[in-house]
Amino acid sequence: MNDSIYRAPKGTRDILWPESERWRTLIEIFSDVVGSAGYTQLVLPIFEHAEVFHRLGSSTDVVSKEMYEFIDKGGRHIALRPEQTASVVRSYSQHRPVLPWKVWYTGPNFRYERAQKGRFRQFDQVGVEALGSDDPHLDAEIISLAWQFYERLGLRDVTLLVNSLGNADDRGRYIESLTAHFSASIDDLSAESLKTLKTNPLRLLDSRRPEDIEVVASAPQMSDYLSSDASEHFDGVCRVLDSLGITYEVSPRLVRGLDYYVRTTFEFVAGQLDAAQDAIGGGGRYDGLAETLGAPPTAGVGLALGVDRTLLACDAEGVFLPPTSAIDIFVVDTSGGDEAVLITNEVRQAGWRVDRAWDDRSMKSQMKAADRSGAAYAIIVGEEERTNGSVTIRDLRGDAGQETVSRTELLGILRKRLL
Ligand code: HAM
């Protein structure tokens, strides 16, 4: 028998409590931070016409090598989204909302990558996109939102890398010069890099292979190819970051894995993670993308932060306190169970998280379940309590012992003890 069908497929995972609670906290903080800057939530389909992503360019590995694609039962060529920026721009092209259009999103993405810790085939992102302005203040706003998000989360060891890839023309001239540089050293490059040189010379700058280090170190720098317009734009972004007290490193070799970027690009790197998975988020400007996806020319800038990796970084820094419990109160009823139905209902409606024992078990067995639940208090109903309209409240964590009170006093006493 093939047992593997009973395990989540390679590169995917189940997220159980308490990780699922941290997950939700992270998304709540993100939506709060970006909501305070006027970004509204956009919920996108998980699959799109594959063409939406193919338009991002054949030299993007994420699209050409890693995409989950299939023909559906209606003969359509479909892809599970490998990222959401293209979907946002497709959505813009379809709905033509009033500009500037500022949206945020969350949800899973799919890439057929070599699965390892922090690198999954299904992974989640939270992100924002702002369409309709090429104001450098907007690039800085987006970076600053990520910064605020990390601060609110409590993540400290994060480095912000920024770079400018110039306008499309600057980028073209730079790629020509890079190609000439690398072509002159083909004997020194790794076999893998020779392949990359043909498809996307910019990506060679990312190479960490020992054979490539020298050739990459002596490669021309993008900053020497920036037009005055792109240079001014980049200075504008850096000036705002300075004025907001956001620290960053200018990283001339930062190219990123998607090919739609022009001008600003940036990445957030977690100091506590291994180099293979330390990019916890990134983004940049993509002013030409709207035209590619059938919309009128429209500037755009955004970012996406990896939820899985950010949580790994949080764990490495001990950001989250150990969870206490998923519930506050546990109801034990040895009088048949009907009282437990009423009490759980009443106490839940008063705002606490309440669970109870099932199957009309013995007092000993129900108390064991109460202890295991991690609840702060047990509310106990036996035959005697049921007959005289009382309940016993027992402190499960501290040393307050137990007291028997009238049913009518229950909520008042819980309020005093639990608030
Ligand atoms: P990206 O750099 O491909 O950019 O992904 C953003 C983040 O998603 C990464 O920094 C990383 O934290 C996380 N991530 C990517 N791949 C994986 C994976 N296989 N496993 C776990 N986490 C992963 C984008 O996706 C762009 N759409 C960002 C953007 C938005 N640019 C402009 N707007």
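This is a predicted model: local features need pLDDT of at least 70, side-chain atom pairs count only at pLDDT 80 or more; totals for chains, interfaces and linings use all residues.
The domain assignment divides the protein into three parts. Domain 1 is made of two segments, 7-167 and 229-317. Domain 2 covers 169-226. Domain 3 covers 329-418.

The contact between domain 1 and domain 2 was examined next. The C-alpha centres of these two domains lie 25 Å apart. Domain 1 brings 15 residues to the contact, and domain 2 brings 17 residues. The size of an interface is often given as the accessible area lost when the parts come together. For domain 1 and domain 2, the buried area is about 1,500 Å². Carbon and sulfur atoms give 47% of that area. On the side of domain 1 that touches domain 2, there are 6 nonpolar, 6 polar and 3 charged residues.

Two buried residues were then considered. Val-237 is found in helix H9, which spans residues 228-243. Its relative accessibility is 1%. Val-237 therefore counts as buried, since the limit for that class is under 20%. Leaving out residues up to four places away in sequence, Val-237 touches Pro-136, Asp-139, Ala-140, Ile-143 and Thr-264. A further pairing shows how sequence and space can differ. Val-237 and Val-162 are 75 residues apart in sequence, and their C-alpha atoms are 9.5 Å apart in space.

Gln-366 sits in helix H13, residues 363-373. Gln-366 has a relative accessible area of 2%, so it is buried. Neighbours within four places in sequence are again set aside. Gln-366 is then in contact with Phe-330, Val-331, Val-332, Asp-333 and Thr-334, and also with Ala-357, Asp-360 and Arg-361.

Side chains of opposite charge can pair when their charged atoms come close. The whole structure holds 26 salt bridges. One of them joins the side chains of Arg-152 and Asp-32, at 3.2 Å from N to O. Arg-152 lies in helix H5 (residues 136-153), and Asp-32 lies in helix H1 (residues 19-35). The pair therefore ties together parts that are 120 residues apart in sequence. Arg-152 is partly exposed, at 47% relative accessibility. Asp-32 is partly exposed as well, with a relative accessible area of 45%.

Glu-113 and Arg-119 form another salt bridge through their side chains, at 2.9 Å from N to O. Glu-113 is buried, with a relative accessible area of 14%.

The side chains of Arg-407 and Glu-339 also meet in a salt bridge, at 2.8 Å from N to O. This pair links distant parts of the chain, 68 residues apart. Arg-407 is in the loop between strand E16 (402-406) and helix H15 (410-418). Glu-339 is in helix H12, residues 338-349. At 18% relative accessibility, Glu-339 counts as buried, because the limit is under 20%.

Some salt bridges share partners. Such bridges join Asp-134, Asp-139, Arg-263, Arg-285 and Asp-287 into one network. Asp-139, a member of this network, is also among the residues that Val-237 touches.

Definitions and conventions:
Residues are numbered from 1 along each chain as its sequence is written. Side-chain values use heavy atoms; hydrogens and water are left out. Domain bounds come from an automatic or database domain assignment. Contact means heavy atoms within 4.5 Å. Buried area is the accessible area (1.4 Å probe) that two parts lose on being put together, summed over both. Ala, Val, Leu, Ile, Met, Phe, Trp, Tyr, Cys and Pro count as nonpolar, Asp, Glu, Lys and Arg as charged, and the others, Gly among them, as polar. Helices (H or I, at least four residues) and strands (E, at least two) are DSSP runs, numbered from the N terminus. Buried means under 20% relative accessible area, exposed over 50%, partly exposed in between (1.4 Å probe, protein chains only). A salt bridge is a side-chain nitrogen of Lys or Arg within 4 Å of a carboxyl oxygen of Asp or Glu.
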